[in-house]
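Please open the model in your viewer and keep the selection panel at hand. The stops below are meant to be taken in order.

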Amino acid sequence: MLLPTSFAKKAPEETVVIAITRSAILVQGRKVADVAELEGVESEDIPPLKDELLFLSGVEAGAEAVPAAPGRSITIMGDENISYDIVRKILKSCQQANYTNIAFAATQVAKKN
């Protein structure tokens with residue numbers, strides 16, 4: 001049995017990856033925040049996440065991203081049980097760090113018949 005083959009005219013672009021687990025938010029595999037600590041917090045963003053994204057883009061922590069610069073690409077992979085409030089805070093942090101080309105990645109498991 002042969003596996004299916006995929007062809008693309010253009011190689012996929014490397015992007016920063018945010019992984020959301022049930023307990024942590026990771027950027028490129030590095031933990032930046034605990035999900036439990038973010039639950040119920042009034043803030044609209046996640047400052048450690050924003051600072052890490054700014055660092056990865058070459059901007060000093062605490063500084064603002066250059067709004068005139070073209071938006072950077074980012075991929076968000078998350079646990080399906082994460083609250084929308086956490087996802088909204090992650091999206092706001094991405095926007096503040098000028099990561100505006102956002103893709104969501106999901107793992108699909110084949111159903112058993």
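What follows is a short tour that moves from one selection to the next.

This is a predicted model, in which local features need pLDDT of at least 70 and side-chain atom pairs count only at pLDDT 80 or more, while totals for chains, interfaces and linings use all residues. Residues are numbered from 1 along each chain as its sequence is written, and side-chain values use heavy atoms, with hydrogens and water left out.

Begin by selecting Arg 72 together with Tyr 99: the charged end of Arg 72 sits over the ring of Tyr 99, 5.7 Å from its centre (the criterion being NZ of Lys or CZ of Arg within 6 Å of the ring centre and within 35 degrees of the ring normal).

Leaving aside residues up to four places away in sequence, Ser 57 touches Arg 72 and Tyr 99, where contact means heavy atoms within 4.5 Å. Ser 57 counts as buried, at 18% relative accessibility (buried means under 20% relative accessible area, exposed over 50%, partly exposed in between, with a 1.4 Å probe and protein chains only).

Now select Asn 98, in the loop between helix H3 (84-96) and strand S5 (101-105). Asn 98 is not a glycine, yet has a positive phi of about 65°, and Asn 98 is buried, with a relative accessible area of 7%.

Finish at Gln 28, in the loop between strand S2 (24-27) and strand S3 (30-34), where Gln 28, although not a glycine, has a positive phi of about 55°.

Methods
Helices (H or I, at least four residues) and strands (E, at least two) are DSSP runs, numbered from the N terminus.
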